Amino acid sequence: MKKTLLIIILLSMAFAASSQINHKHYILMGRIDLSKDQYVDAIRNLNVAITAKPEDFEAYFLRGIAKYSLGDFDGAVNDFTKTLEIHPLYVRAYHYRGLAHDRLSDYADAEKDYAMAVSLDPFSLDLHLAIGSTKMHLNQFEDAIAAFDTALLINPSYSNAYVNRGIAKRYLERLDDALEDMNKAVENDFFNVEALVRRGMIRLERKEYGDAMFDFNAAMRLSPDDPLIFFNRAVAYLNLGDTMAALADYERVNQLDQRNALTYFNRAVVYSMLGDYDVAEALYNKVIELNPENIYGYFNRGILFYKQKMWDEAEDDFTRVIQLFPDYIDAWLNRAAVRFEKNDFKGAEKDQYQARCIMDLVNDNNGNIDSLYASYSSKIGYDKIVNFEADFVGGDRGGSAYQYTNVDVKPFNDMIVNIVDVEKYKKGNRRKAYFVDDVLSRINEECDVNGAIAYIVNDIQSGNHVSMINGNENISDKDVALFVDGIAHLEICNYQKAESAFAALTDNKLLRRYAVLNLVAVQCAKAELVLAEEDFTSTVYLSDKKNLHQVVEHNVTPDYSLAENILATYLKTSPKDAFAWYDIGNIHLRQKDFERALTDYTSAVKYEPTLGEAYYNRALVLLFLGRPDEARHDLSKAGELGIDDAYVVMKRYL
């Protein structure tokens, strides 16, 4: 396939010769974007700078910062590594690469980078803070305190060093010393929100609820939309006996952070205590929706059902807990109680016996149930079933903090060839891309098309599509006119006439590849139309259960064999057509033939390295197959190529 041109929204320029691009301008634009926390836009501008002058280390470094801020730590490591290949003594690249390695839990590599950075700049305050943070992640709290001590030798009034040292001391259960450090942090910077919040949290542990409330209120005046402050103040209110105020603060957390399962759980517990079971049940349902493998949502909802004498529902929930964590004693005992109420005495006796067996096992471990959990954790992952999703990230989730946006995580649709509104693509606020090869460029120029004929993701049936068919009735080239006529019929779901038009052009050397893609789109649409009465939808998506799902009623699936055969035949004579590989990959994905889909997407990016949709779709398949490291790499590449949703997937699933 001839090299294509990728145009992305907010990047209102064509890739001219690199010598014609002022790369310093785009570096400056990237810096401005970073200063505004507009990380996606920063990557786009820095991509242009790198294209213009790939030997300049600064653009790679700044792009690494943007990727790190979006949670793309693999991508950040790669950019910092490229920075160091160009500038081996750039200390900040070692520092930030160490931070990225730390976030990836590659602590040995992080410490190597910090050691190199310290050798180049031993008096960097932030560097010693980073060393201390990594030591804390390794549970080496005394070493962490030593690193923070060094930071305070460099600057005895640095508030954040006191905060971090106080956190380390808190982990060592030295609450008095921790509180003293937090006091010093606040004394040196009363506007340090984290210092106030952390001091309040320590005061909560010390049961100094009034003082804790003072800190949270002070922090809230400085940062009024921080969900962590509302969450902790709710805890203080509960301990002070003001239940309604606590609920109000919890509700505010979920207004700011709709995916915070821990807060939904706490709200459910409070409403259950108040006897408002309907609200409590709805909140537990939300917890389970967000964390479907967490035992506590099911366990507490089971108790709620038990209180309402909903025996079948309670039994189902306790059974689910046992499936997730077979050694959870209370789940066996509770299910036994439910079965007793249902007169299933044999089942109740079996459950009680199993509970006794687990208790005997605990006694064999000197009564230490943690050792039992540790054994379980090594096999399955204890953290996954007990930890709630709770990021406590506020701010504009739809803007700069794109990774926290609530979006449907599903693969991109097939590629077709259509007429696009170039201006629309430039003005949009979400990633929109189209591809134009040399042949399409010539057709657009010679036929004076109203818009541009281009490869695009097939969204013509969505509410976002704007038809550009009008104004193209007088195209002089009869074959191009027939092709555009086929597009018009495809848009109005007149599949018979669309099929006829595209099929007539499959022997046209100039238009064959475009006609084939659109003919395949027609065949897929017809296959799905057959099952319209079965309430079938072709959407394949990644759920919060971290699985790919295809919504199919009555166990029926469309017959995509005709579309698949058209592409397979075409690829025999055009084996380097990236978009054909991408589309057949999507067909195999819908058929749940995941390994073939992976192979197809791999061919797609081999022949069109800028096809971010293929990287993204391949990443979703890799996640489903339990290969997160490979998925992380593909998501990083997709994000770099303008697929903003890749950062949502990273944040949510990796």
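This note goes through a predicted model of a protein chain, point by point.

1. Overall make-up. The protein chain has 654 residues, and buried residues make up 52% of them. Its secondary structure consists of 33 helices and six strands. If contacts in the protein chain are limited to residues at least 6 apart in sequence, 58% of them join residues at least 24 apart.

2. The largest nonpolar core. This core holds 119 residues. The members that touch the most other members are I453, F483 and Y616. Helix α27, which covers residues 512-530, gives the most to this core, with eleven residues. A further core of 55 residues lies apart from it, and L125, A151, L204 and L290 are among its members.

3. The surroundings of I453. Which residues are in contact with I453, once its neighbours within four places in sequence are left aside? They are V417, N418, I419, V436, L440, I443, N444, V480, F483 and V484.

4. Helices α12 and α13. Helix α12 is formed by residues 209-222 and helix α13 by residues 227-239. Their axes come within 9 Å and cross at roughly 155 degrees. The angle is over 145 degrees, so α12 and α13 are roughly antiparallel to each other. The crossing in which α12 passes α13 is left-handed. On the α12 side the residues are Y209, M213, F216, N217, A219 and M220, and they meet I229, F230, N232, R233, A236, Y237 and N239 in α13. Sorted by class, the contact of α12 with α13 has nine nonpolar, three polar and one charged residues.

5. Helices α14 and α15. Residues 243-256 make up helix α14, and residues 261-273 make up helix α15. The two axes come within 9 Å, with a crossing angle of roughly 155 degrees. α14 and α15 are therefore roughly antiparallel to each other. α14 passes α15 in a crossing that is left-handed. From α14, the residues T243, L247, Y250, E251, V253 and N254 meet T263, Y264, N266, R267, V270 and Y271 of α15. The classes in the contact of α14 with α15 are six nonpolar, four polar and two charged residues.

6. Helices α15 and α17. Is α15 roughly parallel or roughly antiparallel to α17? The axes of α15 and helix α17, residues 295-307, come within 11 Å and cross at roughly 15 degrees. Angles under 35 degrees count as roughly parallel, so α15 is roughly parallel to α17. α15 passes α17 in a left-handed crossing. α15 supplies F265, V269 and S272 to the contact, while α17 supplies Y296, G297, N300, L304 and K307. By class, four nonpolar, three polar and one charged residues take part in the contact of α15 with α17.

7. The lysine K135. This residue lies in helix α7, which spans residues 125-137. Is K135 buried or exposed? Its relative accessibility is 18%, and the limit for buried is under 20%, so K135 counts as buried. Not counting residues up to four places away in sequence, K135 touches E111, Q140, D143 and A144. Y107 is 28 residues from K135 along the chain, and the C-alpha atoms of the two are separated by 8.7 Å.

8. D37 in a loop. D37 is not a glycine, yet its phi is positive, at about 60 degrees. It sits in the loop between α1 (23-35) and α2 (39-52). With 36% relative accessibility, D37 counts as partly exposed.

9. K592 in a loop. K592 is likewise a residue other than glycine with a positive phi, near 60 degrees. Where is K592 found? Its place is the loop between α29 (578-590) and α30 (594-607). The relative accessible area of K592 is 45%, which means that K592 is partly exposed.

Methods
Residues are numbered from 1 along each chain as its sequence is written. This is a predicted model: local features need pLDDT of at least 70, side-chain atom pairs count only at pLDDT 80 or more; totals for chains, interfaces and linings use all residues. Side-chain values use heavy atoms; hydrogens and water are left out. A nonpolar core is a set of buried Ala, Val, Leu, Ile, Met, Phe, Trp, Tyr and Cys residues joined through side-chain atoms within 4.5 Å. Buried means under 20% relative accessible area, exposed over 50%, partly exposed in between (1.4 Å probe, protein chains only). Helices (H or I, at least four residues) and strands (E, at least two) are DSSP runs, numbered from the N terminus. Contact means heavy atoms within 4.5 Å. Axes are lines fitted to C-alpha atoms, for helices over the stretch in contact, and angles run from 0 to 180 degrees between N-to-C directions. Angles under 35 degrees count as roughly parallel, over 145 as roughly antiparallel, 65 to 115 as roughly perpendicular and the rest as oblique. A crossing is left-handed if the near helix is turned anticlockwise from the far one by less than a right angle, and right-handed if clockwise. Ala, Val, Leu, Ile, Met, Phe, Trp, Tyr, Cys and Pro count as nonpolar, Asp, Glu, Lys and Arg as charged, and the others, Gly among them, as polar.
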